[in-house]
Structure formats: C-alpha cells, structure tokens
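User: I would like to learn how to read a predicted model feature by feature. Please give the general idea each time, then the case at hand.

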Amino acid sequence: MRRALPTAIVLALCAADARANPIDAFGLGSRAIAMGGAATAAVDDTSANYYNPAALARGRDLRIDIGYRWAQPLLQFNGGDVGTNATRGVSAGLLLPGRIGAVRFAFGAAVWLPDQWLLRQRWMAYGQPRFIYYDNRTQRMLLSTNLAVQLVPGLYLGAGLTFMSRTAGDVNLKGVVSLGNPDDSSLVSKIDVDLLAVRYPQAGILWEVTKYLSLGVSYRHSFTLVIDQQFRIDGDVGSPPIVHNGYFSTRSVATDLFQPWQLTAGGALRVTRALLVAFDLTFARWSEFPAPAATVTLGYDVGVLNSKIHLAAPAPYAAPGFRDIAIPRVGVEWRALDRERIGLDARGGYSYEPSPAPDQIGESNLADCDKHTLGLGVGLELKRLGRVMPKPLAIDAHFSLTVLSPRAHHKLDPLDPVGDYRASGIVPQLGLTVRSRF
Amino acid sequence: MRRAAISFAFALAAGCGTTGDYAGGAANLPDWGGGTFAPIAADPAQSWNAPFVLQQASADLADPDPIASGAAISIWVAVARPGGFAIARADAETLDGGFGALAPALSADAAWEQGAVRGPSVVPGAPWLMLYAAGGAIGAATSPDGAAWSKPPAPALTADGGDEGASLGAPAAIVVGEKLRVYYAAAGAIWAAEAPLADFQAARAPAWTRLDGDPSTPARDPIVRGVPFGGALDRPFARAEPTVTGAIRYTLGFSVALPDGTSGSGFAASFDGISFAVQQTPLLPLAPASAAPALVRYGDRPLVFYVGRFGARDAIAVAARP
C-alpha cells in the first residue's frame, strides 16, 4: 500500500496574466466603437450580440456584418515600451429574424476571431510587472449566440451564451527510473488532454419608449478560465530498485481570462432626425477578481527517500484587492448627408474607465491605469445597389484612442525586487465594418 | 442570394490566419529594486574580459566607486602599492568600450594616513568631495573637477572610541539636503554620521552629528548591524536617488566577511536613510568571493561593480540582474 506523503500546496509559482475579453477592451463593430461603446440602447446591428441581445429583435432584415480591426497597445513602464502584442482580427455577426404567429424573434451570433492566436494562455512569475488589462486579455476568440423576442411592440428581451473552451489534461509516465544512468530508465507515457466547453450567459432588455427614445439594460456574466494540468510518474526507482512502486505527481490548477460580471444601463435619444445621442453606464464587478495565481499540488512517495525530502510550505498570496468600477460612455451619431442613393454618418464618443486595480505596493505588479477613450468614425450608407444588394449596405470606419493616465506605484519595501515604477500608455485602434441587410 | 452572402461571410471569417508572433509585453520591465545580481557574461561588443572591466597586471584593485553620467562612467579605485594603497581614477566613454588607463587621484602623503588611502567615495559638486579611509580614520579631499584633489592636513572623522571602537573603515558619502551624510564601517557594522555640506565647501573642520540606527533604544545603534549569511561588514557603498514616485530611496552595498574566510556582498535599502531593510540573501553569489559592491544606474539597468579575483590579482568586475 502506498503511503501518500503530505501534499504541499504551492501557490503561484507563476501567475496568470490575462483578464476578461477583447470585446470588453476594444468593443465590437465600428459603429459602436466610434460612439464610445454607448450602444446598449442605440445598437441596431449584429453587435447587439454583445451590447444588448434584446436589440436583435428590433430589425426585420437578415443582417450579416463583417469587419476587421487592429489595436496596438503602446504601454510603458518608466517610459520604456513593454512591447505588448497587437490585437487584430476579424469580427463577424449574423442576425436572423423570424416570426411565429404574432411573436417576432431573432437569432443572432457574433464571433471575434483574432488572426494571431485563437486563445493564448500565459503564466508568468507572480511578481513580474505586466499590464493586466491589455497584456494577454485581448488574445482570445469569442463566440456568442443569442435569441431575442419582442414581448410587446417596442419591448424586446434577449439572452444567450458566450462560448469558450478550457483544457484539462494528464501526462502519466510509468516504468523504472534509473538513478545512476538516465538512459537505463524505462518509461511508458500516456497523455490525456480534454478541450472542454465552457459558457457564460448574457441577457438584455430594450424598451423603445417613444419613436425618439430607447432605454436598455444588459448583463454579461462573469467568466474565469480554469486550466487543470497534471503530471505523474509511477514506478520503481533504481536498478535494482531501492524504491518500489513510488510516484511523484504535480498538478497545476490556474485561472486565466477573468471577466467581471457587468450590468449596463443605457439610453438613446434621437434629438433630431439627424442626430442620435447615446449614453451607457456600466457597473463591473472587479472585486471578485481572484488572485492571479496557479495552485500547484505536489505529491510523492519515494519510500526510504521520503525522509530526505522537505518541501517548504509556501505563504499564500494576498487577494489582489481589485475594486468595482462604474464606466460611463457617451456617443453621438449625426447624419451629415442623406441623399437618395447615399447617406453619410459622422460619429464620436467618449468613455472613462477607472482602473479597478489598487496601487501595487507589495509583491504583485498588476499594473493598470484609468482609461480615457475617444472614438471617431464615419459611416457610408449605399442605398441602392441594384438587385444584387437591394437593401442599404453600410461601410463604417472607426478610429479610437485610449489614453492611460500615468500612474506611479510606490513599494512599501525598499528591497522590493521591482522597485517603484510609473505605468502609462496609449492604445490606438483602427477598424472597418461592412454591414449588410438582405 | 442570402445563401451566397452567408457563404461568403463565413468563408472570409474562417480564412483568416492563425500565425501568432512571439508573446510580447516583457520588454523594459522595471527592476530597480533589491534582489540578486550575477556576473555579466562576455559580449562581443565589449572590449574587456567579462565580467572583469578593470584590472592591473602588477597591482590588486579594491573599493570601486563608479559614477555614471549618461553613457560615460568614471570609477575611482584603491590600487595596492608596495607599502600601502593609493587612489586612482579611470574613465570610460561607454561601458562596452572599456576603461582607459588608471590615473593617480590621491596618495597617502600625510602622516596620519599611515601610508595608505583607500575606500574612495566621491560626491560630484562644487567642489567635488572625496571621502576616503586612512589610518583608522576618514579623510576628506576636495577637487574643482574630480581630477586634481587637495586635502587638509587632518582627518575629517575619527572613531568615537565607544561602540564604534577605535578605528573607522571605509566611508560612503551622499548628500542629504544641506548635509553630507557618511556611512562608514566600524566594529563590523555600518554606522552613519552627517555634517553640514558648507563645512566641506569652506574647508573648515566638519561639525559631525552621529546618527542612531534605532532611536527607539537608549544606546546608539549601527545603521546595519549584520546579515544572516555572514559576519563583519565592511566597505559600504551608498546611493540616494529619487524614485519615479518622488520617494528618495537609499541603498547600501557592503562587504560581508564569510565563515570560510572569504568575503561576499550584502545589500540594504531604506526610504529614510536611517532605518534600513537588510536583504536576507547575498547581493552576489557567494562563490567566487566578492567584495565592495557598488550599485550604479547605467542607462535603464542597475549594475553592480565589485572586487573579484582575476587570476592572481584582485580586479574590478561588473554584475547585472540575471
């Protein structure tokens, strides 16, 4: 009978460096991004899959939107660029309206497909400075599906799921481990890795109060990617064996890609026939942000050698202490040109996202700053493209610039290996979206 | 038509590549804190035999005191001469380019110096100041340019005969406001005293105030009493620099006598210059032996100059973060 030795729980030999998703960071669709993300009540295209699923039931046309965007975080510690990767990729959305009796409904799907990594998981030394908001957060794909219904004229309800996958796997070796000469070891390996589906819900409601005023509320649930990996080696040690049926195992359970739950209330007011003003206020529950650390469990039984092995019990890391935040967004859209065959919209928006991260005074260096984002964009609407495209085709372009307010972090310990530092940066973003109706 | 449109859209979406490049975000990370350093590795761009940046075929070198100004570095060292030590200076336009020849800076020509001057600690200014160890006391020399030095006939600071013992070791000087603060080795620990800077500028005898490393106790305490991995402390090196947050961070490097008779390098830091947190591990690996660590910010990297063994001679080496 093997005897299991006390297991050492090692917290965070490494730390996850990614939080939330690329759409939270950069938005979805050129129109909404140009309007500062104030889209909960103003959205009328497939980006409703993210901003407010209820709005999918608003339209009566089949919609297909496709776009491409590029964002390059230019982030600095003490004036030196940290070389953060760009985020770029394709976004696509689908809206399929339908009717069952008197009930109008719509099915929607949206996908963000980065063209560098479908999903990047990364763990770094716990104390390594990193910009948590942009470092790895944006390097993942996103697939969201939703169903919306019209409850009564002017009142819509929508909900759906966003899908991700996570890995869980074991690597097992079994055989004889030679102490003197590794070449004499005889081990058979077995690898068992699963790619598991994970999902989290979102929902929304939209009320067209009047022809000119819409109000909406949306909710996106929290998400944490859990990575579970185990390595175990079983067998005799030495030849002839000095340990029979010994084993060593290590299991790492890490969290990554945390996304807080978010509740957004928004309004859209058509001030004049040509001018739309939208406002959103989002509450983001960052205080649930878990310690960005891997839990590593070590287990072993090496018989007579057990007494020679001493594993120090590591100190647990403190909670990161993030705080909840409120994010206001405002956007405007002005129909600058409205002709028989062509229309032109000018858009602008602003959002302010306070940092949920506290001052990094201790061992962690989860740098983040308050973020001011200015969005600008134009939309060209081609109204008559003949039989091929009988309904208007919109081509939207956007540019946004996020400015990270410089923030200094003073360490309490003068021996801190990182020392004091100042974090700052900008994040320019460009994109193009083609919205088509059929 | 709808079918064609849908097919086109999904074909476009699925056709994008997945050719990611290296995961970035780890360049220019801040690292101006405590921790460990390692001798730097050889680099083809360097004109010297890494990690040794300065050596003499016929003399041992000791007690480096580097000052960086942009890409240039000046370094003062103690050079072993028959019968004692003298202080010399070498300059480098860039570290990779290496140091030029050593030029004499200060020699032991006063009786109280007992034939040896060493442990230079240079403070740029008007005038430049150099504090040094000689004859169990600390001397102070001045210079208009850091090259030619003159000194008064008497030592600037002598041991108090009490806790410090009867003899003072090497000094490390920094400017704190209107005062010159000196950390110095005595009785196996690091102590501190300060005097008005104006006294040195006016070439009059400094009015010293001895500082207490722990005011909560009735007796005067050293600034750094010891480290877990070794015994007596010697040859401190001090810096006081503002951090990006506006705080002043004081750092102390020092030699540590090891149980095997060799020496190692220790480190301590503080935000008030009096109450120091002592790093529990050596600043440099304990083997091979090192001594007299001196931290300097060179560009965006912290470097440690130290004394190591190069063949049959003690020479000046450089370490960086691993």
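User: Which residues have the most contacts inside the largest nonpolar core?

Analyst: A nonpolar core is a set of buried Ala, Val, Leu, Ile, Met, Phe, Trp, Tyr and Cys residues joined through C-beta atoms within 7 Å. A residue is buried if 20 or more other C-beta atoms lie within 10 Å of its own, exposed if 12 or fewer, and partly exposed in between, with C-beta atoms placed from the backbone. Here the largest core has 91 residues, and those with the most contacts inside it are Val77(B), Val182(B), Ile190(B), Val224(B), Leu252(B), Val304(B) and Tyr306(B). A second, separate core of 62 residues includes Ala34(A), Ala92(A), Phe131(A) and Tyr133(A).

User: What does Tyr306(B) touch, leaving out residues up to four places away in sequence?

Analyst: Two residues are in contact if their C-beta atoms, placed from the backbone, lie within 7 Å. On that basis Tyr306(B) touches Ser265(B), Leu284(B), Ser290(B), Ala291(B), Ala292(B), Pro293(B), Ala294(B), Ala317(B) and Ala319(B). For chain B, 47% of the contacts with a separation of 6 or more are between residues 24 or more positions apart. Of its 322 residues, 43% count as buried.

User: Which conventions and confidence values should I keep in mind?

Analyst: This is a predicted model, in which local features need pLDDT of at least 70 and side-chain atom pairs count only at pLDDT 80 or more, while totals for chains, interfaces and linings use all residues. Residues are numbered from 1 along each chain as its sequence is written, and chains are lettered from A and ligands numbered from 1 in the order in which they are written. pLDDT is the predictor's confidence in each residue, from 0 to 100. Chain B has a mean pLDDT of 90, and 93% of its residues reach 70 or more. Over residues 1-21 of chain B, however, the pLDDT is below 50, although this stretch has 28 contacts in the model beyond near neighbours in sequence. Where pLDDT is low, the predicted coordinates should not be read in detail. For the model, ipTM is 0.80 and pTM is 0.82.

User: How many residues of chain B are in contact with chain A?

Analyst: The interface is counted with the contact rule already given. It comprises 37 residues of chain B and 41 residues of chain A. The largest share, six residues, comes from α1(B). By class, that side of chain B has 18 nonpolar, 14 polar and five charged residues; Ala, Val, Leu, Ile, Met, Phe, Trp, Tyr, Cys and Pro count as nonpolar, Asp, Glu, Lys and Arg as charged, and the others, Gly among them, as polar.

User: How many helices and strands does chain B have?

Analyst: Helices (H or I, at least four residues) and strands (E, at least two) are DSSP runs, numbered from the N terminus. Chain B comes to two helices and 20 strands. Its C-alpha trace spans about 105 × 50 × 45 Å along the principal axes.

User: In what order do the strands of the open sheet β14-β17 of chain B stand, and which are at its edges?

Analyst: Two strands pair if DSSP finds at least two bridges between them. The four strands stand in the order β14-β15-β16-β17 (chain B), with antiparallel pairing. β14 (233-242) and β17 (277-278) of chain B are at the edges with a single partner strand each, so one side of each has no neighbour in the sheet. Eight bridges join β15 (residues 248-257) of chain B to β16(B), and Val256(B) stands opposite Gly264(B) in β16(B).

User: Is Asp63(B) buried or exposed?

Analyst: Asp63(B) counts as buried because it has 26 C-beta neighbours inside 10 Å. Asp63(B) lies in strand β3 of chain B and has a positive phi of about 55° although it is not a glycine. Ala203(B) also has a positive phi, near 55°, but is exposed, with 12 other C-beta atoms within 10 Å.

User: Where does the cis bond to Pro288(B) lie?

Analyst: Omega is the angle to read here. The peptide bond from Ala287(B) to Pro288(B) is cis, with omega near 0°, and Pro288(B) lies in the loop between β17 and β18 (291-298) of chain B. The bond from Ala50(B) to Pro51(B) is cis too, with omega near 5°.
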